[in-house]
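Visitor: I'm new to this one, so could you walk me through its charged side chains?
Guide: Gladly, let's bring it up and take the pairs one by one.
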Amino acid sequence: WSERYDRDLTDVFAIQDEIATSIAGSLQVKLSAESTTRRHYEPNAAAYEAYLKARYLWGRLRPESLAQAKEYLEQAIALDPKFALAHCGLADHFLNISSAGLVSAHKAMPLVREEARKALDIDAFLPEAKAMLGIVAGVYDYDWKEAERRFRLAMAHDPVPPRVRQWYGGWYLHLVGRTEEAV
């Protein structure tokens, strides 16, 4: 199966939805009503592109690539201040540089909390932001009950974003001794 899609890139999310629906139709898969509805918030294309560039650079895990990722996240936020996932990405950035030992936890973790709260102020249902606050509660505040509560809220989202599942396993379940469940 193949098909050509020549479209104006002004609404990349509509194109993604059209292609996904077309592929599912060709595979004769019926999508649920929820999966065919539009996302809660769609950032502008330039902000989304900056966010994707940051995500790519995170994966390189080098000090210079992490610095570039931060710049792209800040650019995404400047281009679209209502892009909650970019704020959450910035929280993840601060968590990453603290985990790598590039910045102290006392400097980074309050920034993780601040960016996650900004994300939740924009989108109160964003599971990534809830999970970030769960990480802060557990590994920085040593409040494991609050960490569990935050992660429960994040994991209640359907579907659970892969990064949230990863954080839940690595930053909560494993650390509280529920290793088999974490795996």
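Guide: One term is needed before we start: buried means under 20% relative accessible area, exposed means over 50%, and partly exposed is what lies in between. Please also keep in mind that this is a predicted model.
Visitor: Okay, is glutamate 114 buried, exposed or partly exposed?
Guide: Glutamate 114 has a relative accessible area of 38%, so it counts as partly exposed, falling between the 20% and 50% limits.
Visitor: And what does lysine 118 form with glutamate 114?
Guide: Lysine 118 forms a salt bridge with glutamate 114, in which the closest N and O atoms are 3.4 Å apart. Both residues lie in helix α6, which covers residues 105-122, and they are 4 residues apart, about one turn of the helix. Lysine 118 is partly exposed too, at 32% relative accessibility.
Visitor: Switching topic, how many salt bridges does the structure hold?
Guide: The structure holds 10 salt bridges, and one of them joins the side chains of glutamate 74 and lysine 70, at 3.0 Å from N to O.
Visitor: What about glutamate 181 and arginine 178, how do their side chains meet?
Guide: Their side chains meet in a salt bridge of 2.9 Å, N to O. Elsewhere, salt bridges that share partners join Glu114, Glu115 and Lys118 into one network.

Notes: Residues are numbered from 1 along each chain as its sequence is written. This is a predicted model: local features need pLDDT of at least 70, side-chain atom pairs count only at pLDDT 80 or more; totals for chains, interfaces and linings use all residues. Side-chain values use heavy atoms; hydrogens and water are left out. A salt bridge is a side-chain nitrogen of Lys or Arg within 4 Å of a carboxyl oxygen of Asp or Glu. Helices (H or I, at least four residues) and strands (E, at least two) are DSSP runs, numbered from the N terminus. Buried means under 20% relative accessible area, exposed over 50%, partly exposed in between (1.4 Å probe, protein chains only).
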